[in-house]
Amino acid sequence: MSTNDIGAIQPGWAVRASDGEEIGKVHEVGSTAFEVEHGLLDKQTIFVPLARLEHVGDKEIALDVSAEEVRTADWSQPPAEGPQRHGAPLNAPDRNAADPAYDAAYDETDPRR
């Protein structure tokens, strides 16, 4: 089952990095991030931004960053703002973003502009 529905995420689901490595388990889902417990002996909690979601599957979440990027990211606190959630797929850029990559990704006729 693959829903890509952020609202379907439940505590206990596995969280995997883009390279397939399991990062940990979902502890709690917030409005801007989901809390993940990771580590075998020294349990730590990180707040993975919802914008880092690549795929929501059957009791498993895939991120768009590698395990190394997760280890080096400062996700000790949830982000102040979450991803655009209405009428957009996961990780859709904000249509008001002033970002050269955004401009390159969408042409003038794209309604998201």
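Reply: **Salt bridges around Arg16**

Arg16 forms a salt bridge with Glu60, the closest N and O atoms being 2.8 Å apart, where a salt bridge is a side-chain nitrogen of Lys or Arg within 4 Å of a carboxyl oxygen of Asp or Glu. This pair links distant parts of the chain, with Arg16 in strand S1 and Glu60 in strand S6, 44 residues apart; strands (E, at least two residues) and helices (H or I, at least four) are DSSP runs numbered from the N terminus. The model is predicted, so local features need pLDDT of at least 70 and side-chain atom pairs count only at pLDDT 80 or more, while totals for chains, interfaces and linings use all residues. Residues are numbered from 1 along each chain as its sequence is written, and side-chain values use heavy atoms, leaving out hydrogens and water.

S1 (residues 14–16) and S6 (residues 60–63) pair in the parallel sense over three bridges, pairing being assigned if DSSP finds at least two bridges between two strands; within this pair, Val15 has Ile61 as its bridge partner in S6.

Arg16 also meets the side chain of Glu22 in a salt bridge (3.6 Å, N to O), and Arg16, Glu22, Lys25 and Glu60 are linked in a network of salt bridges. At 26% relative accessibility Arg16 counts as partly exposed, as does Glu22 at 35% and Glu60 at 32%, the term covering values between buried (under 20% relative accessible area) and exposed (over 50%), with a 1.4 Å probe and protein chains only. By the salt-bridge rule, the count comes to six.
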